[in-house]
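Me: I would like to learn how to read a protein model feature by feature, with the general idea set out before each case. Could you take me through this one?

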Amino acid sequence: MNTPAPDTEDVIRERKPLVERRLHPVTPFRRAWAPVAVVAGWAVHDPNQAQEQLTRLTTTALLIGLAVIVPAAALYGFLSWWFTHFAVTETELRIRTGLLFRRTAHIRLDRLQAVDVTQPLLARVAGVTKLKLDVIGTDKKDELAYLGEDDARALRAELLARAAGFAPETAHEVGEAPVRQLLHVPAGFLAVSLLLTGATWGSLAAALVVPPFLWFATHSVWTVLATGVPLLGAAGASSVGRFVGEYDWTVGESPDGLRIDHGLLDRTHETVPPGRVQTVRIVEPLLWRRRGWVRVELDVAGSSNSVLVPVAPREAAESVIARVLPGVTVPSTLSRPPRRAWWCVPLWWRGYGLAVTDTVFAARHGLLRRRLSLVPHAKVQSVRLTQGPWERFRGVADVHVDTGANQTVTARLRDAAEAAELLQAQADRSRTGRREARPDRWMA
């Protein structure tokens, strides 16, 4: 008897075995610091008791302690590395970790929106790098640390290719997408911009004035140190820290989004995924305006990327914004609130402004440090109108636009009739924008 040929749906396809890979062999040295960090954290949490314990230790006890802690830290680093595996399947990236308590992270490739490459200073010396994965719907980034530089680039290209919809057998052939440079911030340009930032001088003045004042008031060294050290740290972070972090800032365009490379000691390679930008802010500090400089910040859904351009001439910054928000033109003129808004916010009402175009809802606030927020209509999740008692008496109202990045942009102190009309019109524009928006796909 002849048996019928099996239907194609009933054919069991031969699947390739899942190949799990380990991280770079230098990883145990990084993870061996965890037990040491626990001891250091205990010492910082209770310095008095830690000092008492150290004074009681003899040389022999100290050597015995080191003989126990160092091998234990090394063993912990080795075991944590040995029991960490990752694998790329047709639909997801699996990361399996844990010695006693097993944890397996299943990262769906269709939910992957960015793969950032980070190289701390010691990692650059060792020739390794860290991959950070931005996934839609999660606040915390999963990461693979550490991988060899060539392996990290190859894995990043494969993940982005599969996230773009390429077949698994062709994802390896796609390779890393080419990059075309759009903007580069010279080191001297960045240094001058930091010197012209009010926050830099404000934090430095506080660090120089407050500690002497506390000394004359209390004559307590501990009070001066407890206040002065954080102030000095804040001054350093707002000047030297920003310069080190934003050094050699380069913005490039690739099919998988905008690439941002920066950092003097720790190099970071970030990706602004296409279609995921919810809000763009153009920041103008007071001392930058005569030079025509601006800073561009972002709100990206599910991502921590927040700076697009640290400083640039306005024309260059707007050309980059046009690549992030295709078809969007930054409004040149904005309408101010009515003069009766003076009674609600004296003087500062002049810093508010509003412009609504066919593509964006633009609201400005700030008198000394201006911030112009641009929200594409397709990214508006909800629109609200609020009106307090005094605003109701003066005939003005606020219109709030909520975005997918859990942020709100507000058009303040608009005429009440204008605000009510704006509320309805913006709801219609948002529905139309979402219906006509292009899909958020990579490498389109």
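Reply: Let us begin with a definition: helices (H or I, at least four residues) and strands (E, at least two) are DSSP runs, numbered from the N terminus. Residues are numbered from 1 along each chain as its sequence is written. This is a predicted model, in which local features need pLDDT of at least 70, side-chain atom pairs count only at pLDDT 80 or more, and totals for chains, interfaces and linings use all residues, while side-chain values use heavy atoms, with hydrogens and water left out.

Me: How far apart along helix H10 are Arg 242 and Glu 246, and what do their side chains do?

Reply: A salt bridge is a side-chain nitrogen of Lys or Arg within 4 Å of a carboxyl oxygen of Asp or Glu. The side chains of Arg 242 and Glu 246 form such a bridge, at 3.7 Å from N to O. Because these two residues are four apart in helix H10 (residues 221-246), they are separated by about one helical turn.

Me: How should I read whether each of Arg 242 and Glu 246 is buried or partly exposed?

Reply: Buried means under 20% relative accessible area, exposed means over 50%, and partly exposed lies in between, using a 1.4 Å probe and protein chains only. Arg 242, with a relative accessible area of 23%, is partly exposed, whereas Glu 246, at 7%, counts as buried.

Me: Which other residues are linked with Arg 242 and Glu 246 in a network of salt bridges?

Reply: The network also links Arg 281, Arg 295, Glu 297 and Asp 299. Arg 281 lies in strand S11 (residues 277-284) and Asp 299 in strand S12 (residues 293-300), so the pair ties together parts that are 18 residues apart in sequence. Arg 281 and Asp 299 are both buried. The structure holds 19 salt bridges, and another of them joins the side chains of Glu 92 and Arg 94 at 2.6 Å, N to O. Of that pair, Glu 92 counts as buried at 12% relative accessibility, while Arg 94 counts as partly exposed at 32%.

Me: Which way do the residues of strand S18 point, and are they buried or exposed?

Reply: In a regular strand the side chains alternate between the two faces of the sheet. In S18 (residues 396-403), Val 396, Asp 398, His 400 and Asp 402 point one way, Ala 397, Val 399, Val 401 and Thr 403 point the other way, and all of them are buried.

Me: Which strands are joined to S18 by bridges?

Reply: Two strands pair if DSSP finds at least two bridges between them. Six bridges join strand S17 (residues 380-386) to S18, and these strands run antiparallel, with Thr 386 standing opposite Asp 398. Six bridges also join S18 to strand S19 (residues 408-415), again antiparallel, and here Ala 397 stands opposite Arg 414. S18 and S19 form a hairpin with four residues between them, and Asn 406 in the turn has a positive phi of about 60°.

Me: Where does Leu 413 lie, and is it buried or exposed?

Reply: Leu 413 is placed in strand S19, and its phi is near 55°, a positive value in a residue other than glycine. With a relative accessible area of 0%, Leu 413 is buried. Leu 347 likewise has a positive phi, of about 70°, although it is not a glycine, but Leu 347 lies in the loop between helix H11 (314-324) and strand S14 (353-356) and is exposed, with a relative accessible area of 51%.

Me: Which residues touch the most other members in the largest nonpolar core?

Reply: A nonpolar core is a set of buried Ala, Val, Leu, Ile, Met, Phe, Trp, Tyr and Cys residues joined through side-chain atoms within 4.5 Å. Of the 35 residues in the largest one, Val 277, Val 280, Leu 298, Leu 308 and Val 324 touch the most other members. Apart from it lies another core, of 22 residues, among them Ile 107, Leu 109, Leu 159 and Leu 160.
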